[in-house]
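Please read them beside the sequence and the structure.

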Amino acid sequence: MTITRYGTGQSGAGKQALPFARAVEANGWLYVSGQVAMENGEIVGGGIIAQTRKTMENVIAILEEAGYGLEHVVRVGVWLDDPRDFWSFNGVYAEYFGDHPPARACVQSSMMVDCKVEIDCVAYKAP
């Protein structure tokens with residue numbers, strides 16, 4: 001089995017090196033690490049809507065780098081800082097997955113960085 005790692009050596013908040021891959025692929029499965037609304041090492045401003053869009057853009061960029069798309073996503077994990085953002089988050093999320101959403105878990109959690117949402121996912125494409 002071949003294992004391919006994407007985005008190692010990336011930097012996060014404060015330009016610190018991140019000790020993990022942005023995604024790992026094995027036997028057609030792609031595991032995307034949790035993404036936040038980060039651009040150039042900083043969290044973008046704005047509320048849950050702007051941060052959800054940027055987070056989804058970051059997820060899509062990683063999927064595309066590995067040759068996958070949203071249509072390959074089978075499971076999504078979501079962490080929201082504030083449960084009151086749930087319905088606004090869902091509205092933006094639905095724009096991306098439409099009529100073919102993957103399985104999903106969504107929980108409230110304190111974040112490690114100053115953001116409102118974090119999203120990870122698992123995608124599959126026959127090798």
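1. A salt bridge is taken here as a side-chain nitrogen of Lys or Arg within 4 Å of a carboxyl oxygen of Asp or Glu. The model is a predicted one, and a search of the whole structure finds four such salt bridges. One of them joins the side chains of Lys54 and Glu39, with a nitrogen-to-oxygen distance of 3.2 Å. This pair links distant parts of the chain, since Lys54 belongs to helix H1 and Glu39 to strand E4 (residues 38-39), 15 residues apart. As for cover, Lys54 is buried at a relative accessible area of 15%, whereas Glu39 is partly exposed at 41%.

2. Because Glu65 lies in helix H1 and Arg22 in the loop between strand E1 (3-6) and strand E2 (23-26), the pair ties together parts that are 43 residues apart in sequence. Here Glu65 is partly exposed, with a relative accessible area of 42%, while Arg22 counts as buried at 18%.

3. A further salt bridge is formed by the side chains of Arg84 and Asp82, at 2.7 Å from N to O. Arg84 is exposed, its relative accessible area being 71%.

4. Which elements give two or more residues to the largest nonpolar core? That core has 23 residues, and those with the most contacts inside it are Leu30, Leu63, Val73, Val76, Phe89 and Ile119. The contributing elements are strand E3, helix H1 (48-65), strand E6 (73-80), helix H2 (86-97) and strand E8 (117-124), and H1 gives the most, with five residues. In general, nonpolar side chains tend to be buried together in soluble globular proteins.

5. Leaving aside neighbours within four places in sequence, Leu63 is in contact with Leu30, Val32, Tyr68, Gly69, Leu70, Val73, Cys121 and Ala123. Two of these partners, Leu30 and Val73, are themselves listed among the core residues with the most contacts.

6. Ile48, also in helix H1, is buried at a relative accessible area of 7%. Not counting residues up to four places away in sequence, Ile48 touches Leu80, Asp85, Ser88, Phe89, Lys116 and Val117. The C-alpha atoms of Ile48 and Met111 are separated by 14 Å, the two residues being 63 apart along the chain.

7. How many disulfides does the model contain? With a disulfide defined as a pair of cysteine sulfur atoms within 2.5 Å, the count comes to zero. Cys115 is in no disulfide, as the nearest cysteine sulfur, that of Cys106, is 13 Å away. For Cys121 the closest cysteine sulfur is again in Cys106, and at 15 Å the separation is too far for a bond. Cys115 is buried, at 4% relative accessibility, and Cys121 is likewise buried, with a relative accessible area of 4%.

8. On the surface, Trp29, Tyr31, Val74 and Tyr124 form a nonpolar patch, and together they have about 360 Å² of accessible area. Of these, Trp29 is found in strand E3 (residues 29-35) and is partly exposed, with a relative accessible area of 33%.

Methods
Residues numbered from 1 in each chain as written. Predicted model: local features only at pLDDT ≥ 70, side-chain atom pairs only at ≥ 80, totals over all residues. Heavy atoms only, no water. Patch = residues over 30% accessible without salt bridge, like charges linked within 9 Å, V, L, I, M, F, W, Y side chains within 5 Å. Areas by Shrake-Rupley, 256 points an atom, 1.4 Å probe, with all protein chains shown as cover. Helix = DSSP H or I, 4+ residues; strand = E, 2+ residues; numbered from the N terminus. Buried < 20%, exposed > 50% of the residue type's maximum accessible area, 1.4 Å probe, protein only. Core = buried A, V, L, I, M, F, W, Y, C linked by side-chain atoms within 4.5 Å. Contact = heavy atoms within 4.5 Å.
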